[in-house]
Amino acid sequence: MAEPRDAVDLVVVGAGPAGMAAAVTALDGGLRVVLVDAGSAPGGQFWRHPPDHAREALPTDDLHHDLRTYRALRAALAAHERTGRLTLLLDHPVWTTARAADAFTVHAVDRSRPPEERAVVLRAPALLVATGAYDRQLPFPGWDLPGVLTAGGLQSLLKGGGVVAGRRVVLGGTGPFLLPVAAALAARGAEVVAVCEAAAPSAWLRHPAPLLRNPAKWAEAAGYAGTLARHRIPVRTRTGIVGAEGEERVAVVRTASLDADGAPLPGTERRIEADTVGVGWGFVPQLDLLLPLGCDLADAGDGTTAAAVDAGQRTTVPGLYAAGETCGVGGAALALSEGRVAAVSVLTDLSAPGRPGLRALAAERRAVARHRAFARTLARAHPVPRNWPAWLSDDTTVCRCEEVTAGAVRAARADGSAADHRQVKQLTRAGMGWCQGRMCGPAVHGLVAARAEAYTPAERLIATPVTLGALADSAHPSTGDTPSEPV
C-alpha cells in the first residue's frame, strides 16, 4: 500500500545544491520538510559520491569543488533529521506531481530496499522543484556505438564509482564543462587524446563584464588549464566530432575544423584512434515535474526553455517554487543561491517565524543576478552550432530507442507534415522509446524547428519509469481513502 506522509509544510524534490540549500534554509526557519531524491545520497550530479558505505574504498573527494559547503549542508540536514523536522527520502524517484486547491501531491517510489518497491504519496501546501538538468546531445554517424557516452556520464562514473570508462578518450562538444571532465579522466590515468571545442575563445571577449564580476570562474578555469597542460592534453577550438567508427565498440573518431556556423570545412578531417568518446553540448533543464502543473516557461537563452520565476524563485503557480538548473543552467554557485532565495519565499508565503534578515536575502539575490549574467554570457560564447545537421548522413540514427534516422526526420519536415519534435514523434516514433525523448528530443527539434525557437520537452504525466504495481499502490493508500492532508 502507498505510504502517506503527513504534517509537512514543504516538499523539496531534488537533493542537489539547490535542493539541499533550500531544505536547510526552510528548516532553519522552522518548517517541516521532506527532501526527496532518486539518488542514494544527497549531492545531485555536482556532488555525486559513491554510496556512503563505499566511500573509503572509492575515494573521489579530489574530483569535487566546494566540499566545505557540501559537508556543512549535509551536517545541517543530519541535525534537522535528528529533531524529526526533516524527512530525507533517498532512492525515491518522483514520477508525477499534481495540484489541488490547498496542497500539492507528490508521487514517488521507494526503491531503497530492492527488489521491493513501495509507492509513497507526499502532500504539502508548498512544493519546490530542484531537479537539475541532463546532457544535451547532438547525433553524429557512429554515436550509437558502445564507448560513446555523454560527458556528464563519464563524470558520473568517475564521481559515483571511481570508474574510468576508457583508456584513450576524445572529448567534444562545447562549453567549459569539457575541461573538468578531461582533467578528472587524466587524473585517474586515462589518456585524453584531444578536447574538441566547437566554439572560438574570442567569443568571450565580446562580453567582458560578467567575466570580470566572477573571478572565481577564472581561477577555476586556470586550474583546469594547468591540469591539461601537465598531461599534455590538446584543446582544439573550432573543431567538432563528426563521426565514430568501430565494430564491437568505437575504435576511431573523426574530427573536423568547423566554419563560423558549425559546418565541417572540407579537407580538415582527422582520424584519431580512441576507445571512448565523451560528448556534451550543454544541458537541458529537467522540467518533467513542472509541465503537468501548468507553470509558465521562459527562453533560457541557450536553445532550451526553463521554469519562469520571479525574483523570489516563485513560479506562476501559487505555492510552486523552482531553483537551480530547472530555471536555466548556470552552475552550482547559482543553484545554491537560488535554493536559499526560494526557501525564503516559502517561509514568507507560509508566514513562518524564522525568516532570514533582509541583508542576507539581498546578498543572495545579488549573487543570483551575477551568476545568471555569467550563464547568459556562457550561452552566447558556446552556442550549439547552427549547421550541426551538416554532419549527418540520412542513415544516421537520431532516435536510438526507436531506430529513427535523420533521413526519416528530414522527410517528415520536407513534406510539410512536421513543424516540431512532437509532430515528428507522431509520424516517425522518434521520442517514443525508453528515454522518452531525453536523448533525441533536442536534436529532432533542431532538425525541424525554426532556428530561433527554443526547445521545450513534451509534457509527460509519468516522468520516470514506474511499475504497474507501484501505480496501483499509489491509488490505494494504507490509511483512509486518500493520503493524509498536511496539518
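What follows is a chat about the terms, one after another.

Mentor: Before we start, this is a predicted model, so local features need pLDDT of at least 70 and side-chain atom pairs count only at pLDDT 80 or more, while totals for chains, interfaces and linings use all residues. Residues are numbered from 1 along each chain as its sequence is written, and side-chain values use heavy atoms, with hydrogens and water left out.

Trainee: Okay. What makes Phe-283 count as buried?

Mentor: The cut-offs: buried is under 20% relative accessible area, exposed is over 50%, and partly exposed is in between, using a 1.4 Å probe and protein chains only. Phe-283 comes out at 19% relative accessibility, so it counts as buried.

Trainee: And why does Phe-177 count as partly exposed?

Mentor: Phe-177 has 22% relative accessibility, so it falls in the in-between class.

Trainee: How do you know that the pair of Trp-47 and Tyr-70 is tilted?

Mentor: Their ring centres are 5.3 Å apart and the planes meet at 45°, so the pair is tilted. It links distant parts of the chain, 23 residues apart: Trp-47 is in the loop between strand S3 (33-36) and helix H2 (67-83), and Tyr-70 is in helix H2. Helices here are DSSP runs (H or I, at least four residues), strands too (E, at least two), numbered from the N terminus. Both Trp-47 and Tyr-70 are buried. Together with Phe-46, Trp-47 and Tyr-70 form one aromatic cluster.

Trainee: Then what kind of pair do Phe-177 and Phe-283 form?

Mentor: Phe-177 and Phe-283 are edge-to-face, with 5.1 Å centre to centre and 70° between the planes. Phe-177 is in the loop between strand S11 (168-173) and helix H4 (178-187), and Phe-283 is in strand S18, 106 residues apart.

Trainee: What makes something a cavity instead of a pocket?

Mentor: On a 1 Å grid over the protein atoms alone, a cavity is a set of points where a 1.4 Å probe fits but cannot get out; a pocket is an open set with protein on both sides within 12 Å along at least five of seven lines, and lining residues have an atom within 4 Å of a point. Grid points are joined across faces, edges and corners, and a volume is the space filled by probe spheres set on the points. The structure holds two cavities of 30 Å³ or more. The largest cavity has a volume of about 100 Å³. Of its 13 lining residues, the closest to the centre are His-421, Lys-425, Gly-431, Gln-436 and Gly-437.

Trainee: Which helix gives the most to the lining of the largest cavity?

Mentor: H10 does, with three residues. The elements giving two or more residues are helix H10 (421-428) and helix H11 (441-448).

Trainee: What makes H11 largely enclosed?

Mentor: Seven of its eight residues are buried, so the rest of the structure largely encloses H11. Those buried residues pack against strand S18 (283-285), strand S22 (397-399), helix H9 (406-414) and H10, with contact meaning heavy atoms within 4.5 Å.

Trainee: And which residues of H10 are buried?

Mentor: In H10, His-421, Val-424 and Thr-428 are buried. Seen down the axis of H10, these buried residues fall within an arc of 50°, so they line one face of the helix; the arc is that of the directions from the helix axis to the C-beta atoms.

Trainee: What stands out about Arg-429?

Mentor: Arg-429 has a positive phi of about 80° although it is not a glycine. Most residues other than glycine have a negative phi, and most peptide bonds are trans. Arg-429 is found in the loop between H10 and H11, and at 43% relative accessibility it counts as partly exposed.

Trainee: Where is the cis peptide bond?

Mentor: A cis bond joins Pro-114 and Pro-115, with omega about 5°. Pro-115 is found in the loop between strand S6 (104-110) and strand S7 (118-124).

Definitions and conventions. Rings of Phe, Tyr and Trp (its six-membered ring) pair if their centres lie within 6.5 Å; planes under 30 degrees apart count as stacked, over 60 as edge-to-face and the rest as tilted.
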